Every structure is written in C-alpha cells, then in structure tokens.
Amino acid sequence: MKIIVDADACPVMEEVLSVASGFSIPVWFVADYSHYFEFDSPLVEVKLVDKARDSVDLYIINYADSGDVVITQDIGLAGILTAKRVYVLSPTGRVFSPRKIDTLLERRHLHRKL
C-alpha cells in the first residue's frame, strides 16, 4: 500500500506526509516538471512527469494499484481509479466512492455544458 498525491495543486501535502509517517506508509508526490518539491523523509518519493496535459493523471493511473490511496481533486481521475479498486480522497477528505462517482461525473459534465 502506498499513498499517491496528485501534487500539482494539492494544499495538504504536509498533512498527508504527517499521517503517512505515523503509519510508515510510503508516499509518492506526482507533479509536472514546473513544480519542485523536497521532503526530508525516507517515505517520500517525488515523481516528476512531463508538463503535457494529463501527464500527472496518466502516471497515477498507470502506477496506482488496488488498495492504494490517491489524493486528488480530479473527479475524472477518481472515476478511473475507483474502477481499479483504489481508494480516492479529495484534499478535504471527501471519499470518492464507486457508488457516488457516476453522479459526480454526470454533475461535472452538466456544469461544463452550461
């Protein structure tokens, strides 16, 4: 089990690291090359990807395994990950459950159409 953070705009990276350290869970912070992170913890790996659109999301999709925890604000990414049996949380602690993800995706679609 690992925690993967969509770190491009995550406001709670220190909090995630604090909780993960308490349980000795490895944390991956995934961001594009325009971001720079440095953490003094053996539990942390920073994964930098290309700045192309959705590069961070694609990296997370490819490397998240069933049972991992992903922190993201991206509902589309959450929809894909819940199908892989990944636990997905927003930075505020909202759980993206498989039962609710379809409603959230539909709501996002309608908002974009408007």
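1. Asp68 sits at 3% relative accessibility, so it counts as buried (buried is under 20% relative accessible area, exposed over 50%, partly exposed in between, with a 1.4 Å probe and protein chains only). Asp68 forms a salt bridge with Lys2, and the closest N and O atoms are 2.6 Å apart; the term means a side-chain nitrogen of Lys or Arg within 4 Å of a carboxyl oxygen of Asp or Glu. Asp68 is in the loop between helix 2 and strand 4, while Lys2 is in the segment before strand 1, 66 residues apart. Helices (H or I, at least four residues) and strands (E, at least two) are DSSP runs, numbered from the N terminus.

2. Before you go further: this is a predicted model, where local features need pLDDT of at least 70 and side-chain atom pairs count only at pLDDT 80 or more, while totals for chains, interfaces and linings use all residues. Residues are numbered from 1 along each chain as its sequence is written, and side-chain values use heavy atoms, with hydrogens and water left out.

3. Back to Lys2, which also forms a salt bridge with Asp65, with 3.2 Å between the closest N and O atoms. Asp65 lies in the loop between helix 2 and strand 4 (69–71) and Lys2 in the segment before strand 1 (3–6), so this pair ties together parts 63 residues apart in sequence. Lys2 counts as buried because its relative accessibility is 10%, whereas Asp65 is partly exposed at 43%.

4. The whole structure has 3 salt bridges. One of them joins Lys47 to Glu45, with the closest N and O atoms 2.6 Å apart. Here Lys47 is buried, with a relative accessible area of 18%, and Glu45 is partly exposed at 38%.

5. On the aromatics, a search of the whole structure gives 5 pairs (ring centres of Phe, Tyr and Trp, the last by its six-membered ring, within 6.5 Å; planes under 30 degrees apart are stacked, over 60 edge-to-face, the rest tilted). Trp28 and Tyr59 make a tilted pair, 6.5 Å centre to centre with 55° between the planes. Trp28 belongs to strand 2 (residues 27–32) and Tyr59 to helix 2 (residues 55–63), so to speak distant parts of the chain, 31 residues apart. Both Trp28 and Tyr59 are buried. Trp28, Tyr59 and Tyr63 form one aromatic cluster.

6. Phe29 and Phe39 have ring centres 4.6 Å apart and planes at 20°, so that pair is stacked. It links Phe29 in strand 2 with Phe39 in the loop between strand 2 and strand 3 (44–49), 10 residues apart. Phe29 is buried at 0% relative accessibility, and Phe39 counts as buried at 18%.

7. Now the surface. Tyr33, Val46 and Leu48 make a nonpolar patch of about 260 Å². Patches take residues with over 30% relative accessible area and no salt bridge, joining like charges within 9 Å and nonpolar side chains (Val, Leu, Ile, Met, Phe, Trp, Tyr) within 5 Å. Val46 is in strand 3 and is partly exposed at 31%.

8. Arg94, Arg99, Lys100 and Arg107 form a positive surface patch. Arg94 is in the loop between strand 5 (87–89) and helix 4 (98–113), and at 42% relative accessibility Arg94 counts as partly exposed.

Methods: Areas by Shrake-Rupley, 256 points an atom, 1.4 Å probe, with all protein chains shown as cover. Lys, Arg positive; Asp, Glu negative; His and termini not counted. Charge placed at Lys NZ, Arg CZ, Asp CG, Glu CD.
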